[in-house]
Amino acid sequence: MNRIRELREQRNLKQIDLAKAINVRQNTLSTWETGRYEPDLEMLSRLANYFDVSVDYLLGREGMVEQKKEA
């Protein structure tokens, strides 16, 4: 499931309510939730601030382990 949709549903928000809160159209938010398009960096930052999560979390990168190169 899309992280934006997941966070929105956890907070019992309708798409229209979240769209208004971050100042985008509902159909734009819908395209992000369905994966048709991805929000740009500014919108990712707005969403992260709104939901109090990291941009990495929204991108699904949370928990990724960086592999170290051995010399």
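Of the 71 residues of the chain, 30% count as buried. The model shown is predicted.

View 1. Along the sequence, the pattern reads α-α-α-α-α. Consider the contacts with a separation of 6 or more: residues 24 or more positions apart account for 48% of them. The chain exposes about 5600 Å². Carbon and sulfur atoms supply 43% of that area.

**View 2. Helix H2 packs against helix H3**. Two packed helices are described by the angle between their axes and the distance between the axes. H2 and H3 (residues 26–34) pack at an angle of about 110°, and their axes lie 8 Å apart. Angles of 65 to 115 degrees count as roughly perpendicular, so H2 is roughly perpendicular to H3. Which residues meet here? H2 brings Gln15, Ile16, Leu18, Ala19 and Ile22. H3 brings Gln26, Leu29, Ser30, Trp32 and Glu33. By class, this contact has six nonpolar, three polar and one charged residues.

**View 3. Helix H2 crosses helix H4**. H2 spans residues 15–22, and H4 spans residues 41–51. Their axes come within 10 Å and cross at roughly 110°. That angle makes H2 roughly perpendicular to H4. The crossing of H2 past H4 is right-handed. On the H2 side, the contact is made by Leu18, Ala21 and Ile22. On the H4 side, Met43, Arg46, Leu47, Tyr50 and Phe51 take part. How do the residues of this contact divide by class? Seven are nonpolar, none is polar and one is charged.

**View 4. Ile4 sits in helix H1**. H1 covers residues 3–10. Is Ile4 buried or exposed? Ile4 has a relative accessible area of 5%. Buried means under 20%, so Ile4 is buried. Leaving out residues up to four places away in sequence, Ile4 touches Leu18, Leu29, Trp32, Glu33, Pro39, Leu47, Phe51 and Leu58. Among these, Leu18 also belongs to the H2 side of the contact with H4. Leu47 and Phe51 belong to the H4 side of that contact. Leu29, Trp32 and Glu33 belong to the H3 side of the contact with H2.

**View 5. Ile4 and Leu44 are compared by their C-alpha atoms**. How many residues apart are Ile4 and Leu44 along the chain? They are 40 residues apart. Their C-alpha atoms are separated by 9.6 Å.

Conventions:
Residues numbered from 1 in each chain as written. Predicted model: local features only at pLDDT ≥ 70, side-chain atom pairs only at ≥ 80, totals over all residues. Heavy atoms only, no water. Axes fitted to C-alpha atoms, helices over the stretch in contact; angles between N-to-C directions. Helix = DSSP H or I, 4+ residues; strand = E, 2+ residues; numbered from the N terminus. Parallel < 35°, antiparallel > 145°, perpendicular 65-115°, else oblique. Left-handed = near helix turned anticlockwise from the far one by under 90°. Contact = heavy atoms within 4.5 Å. Nonpolar A, V, L, I, M, F, W, Y, C, P; charged D, E, K, R; others polar. Buried < 20%, exposed > 50% of the residue type's maximum accessible area, 1.4 Å probe, protein only. Areas by Shrake-Rupley, 256 points an atom, 1.4 Å probe, with all protein chains shown as cover.
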